[in-house]
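The stops below are meant to be selected in order.

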Amino acid sequence: MSIKRRSARPFADLVGPALADALKARGFATADIIGHWPDIVGARLSAHSLPVKMQWPPRPKGEASDAAPAAATLILRVESAFALEVEMSAGQIIERINAVFGWRCVGKLRLKQGPVDHPAPRQRPGIPDLPPEASRQLADDLSGIENPSLREALERLGRQVRGSPRRTKPATVKPVTPT
């Protein structure tokens, strides 16, 4: 009997199959256009617009199955104050999207005005201050490391580990049954 070893895999490899059905329902073959939206339209417009759906036209009857599909319509949700700016930049946005994919997948944009919800960026917790004794002990532990970048990274890690509150399992008490 052989044992299959599991190794670490990128998170994207695990999430991709889970998102595939949701993306497919919205007409997206992959999450590329959503994930690269800030790169495609720039930070200013990406903060106020978001791709919602790709509408593909039906294939004409009798068309070869290996023929490239007709260009889709990309539906964007845009905050009303930026709708005119996105509309004026539509040609450039379409060109950039098609350049990312390497073929003419988007032929036109349709704008839907409404609020654009972007998740708030997560705040990283600060590195805690250590008591003077713990700080000296950490400096002593790292004194033998010559590479300054490595020493700095290990110092940050040490401060995080030594400065975070200890998490211990609560003691379990087994009930005593009378005999």
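Predicted model: local features only at pLDDT ≥ 70, side-chain atom pairs only at ≥ 80, totals over all residues.

Residues are numbered from 1 along each chain as its sequence is written, and side-chain values use heavy atoms, with hydrogens and water left out.

**Whole chain**

Start with a cartoon view coloured by secondary structure. The protein has eight helices and three strands. Helices (H or I, at least four residues) and strands (E, at least two) are DSSP runs, numbered from the N terminus. Read from that end, the order is α-α-α-α-β-β-α-α-β-α-α.

Accessible areas come from the Shrake-Rupley method with a 1.4 Å probe; for residues, only the protein chains shown count as cover. Of the 179 residues, 21% count as buried. Buried means under 20% relative accessible area, exposed means over 50%, and partly exposed lies in between (1.4 Å probe, protein chains only).

Contacts (heavy atoms within 4.5 Å) can be summarised before any are selected. Among those between residues at least 6 apart in sequence, 66% join residues at least 24 apart.

**Salt bridges**

How many salt bridges does the structure hold? There are four, each defined as a side-chain nitrogen of Lys or Arg within 4 Å of a carboxyl oxygen of Asp or Glu.

Select glutamate 85 and arginine 44. Their side chains form a salt bridge with an N to O distance of 3.1 Å. Glutamate 85 is in helix α5 (residues 83-88) and arginine 44 in helix α4 (residues 43-46), so the pair ties together parts that are 41 residues apart in sequence. Glutamate 85 is partly exposed, at 29% relative accessibility, and arginine 44 is exposed, at 52%.

Now select helix α7 (residues 132-142), which holds both arginine 136 and glutamate 133, three residues apart, or about one turn of the helix. These two residues form a salt bridge, with their closest N and O atoms 3.1 Å apart. Arginine 136 has a relative accessible area of 47% and is partly exposed.

Move on to helix α8 (residues 148-163). Arginine 159 and glutamate 155 both lie there, four residues apart, again about one turn of the helix. The closest N and O atoms of their salt bridge are 3.4 Å apart. Glutamate 155 is partly exposed, at 32% relative accessibility.

Select valine 41 in helix α3 (residues 37-41). Is valine 41 buried or exposed? At 9% relative accessibility, valine 41 counts as buried. Not counting residues up to four places away in sequence, valine 41 touches Ser46, Ile93 and Arg96.

Then go to valine 78 in strand β2 (residues 72-78). Valine 78 is buried, with a relative accessibility of 0%. Its contacts, leaving aside neighbours within four places in sequence, are His48, Ser49, Ala83, Val86, Leu111, Lys112, Gln113, Gly114 and Val116. For another distance, pick the C-alpha atoms of valine 78 and leucine 50, which are 28 residues apart along the chain and separated by 6.6 Å.

**The positive patch**

Which residues form the positive surface patch? Select Arg77, Lys108, Arg110 and Lys112. Patches are made of residues with over 30% relative accessible area and no salt bridge, with like charges joined within 9 Å and nonpolar side chains (Val, Leu, Ile, Met, Phe, Trp, Tyr) within 5 Å. Lys and Arg count as positive and Asp and Glu as negative, while His and the chain ends are not counted. The place of a charge is taken as NZ of Lys, CZ of Arg, CG of Asp or CD of Glu. Strand β3 (residues 106-113) supplies the largest share of the patch, three residues.

Finish on arginine 110, which lies in strand β3. Arginine 110 is partly exposed, with a relative accessible area of 39%. Leaving aside neighbours within four places in sequence, arginine 110 is in contact with Gln55, Thr73, Leu74, Ile75 and Leu76. From arginine 110 to alanine 90, 20 residues apart in sequence, the C-alpha to C-alpha distance is 9.3 Å.
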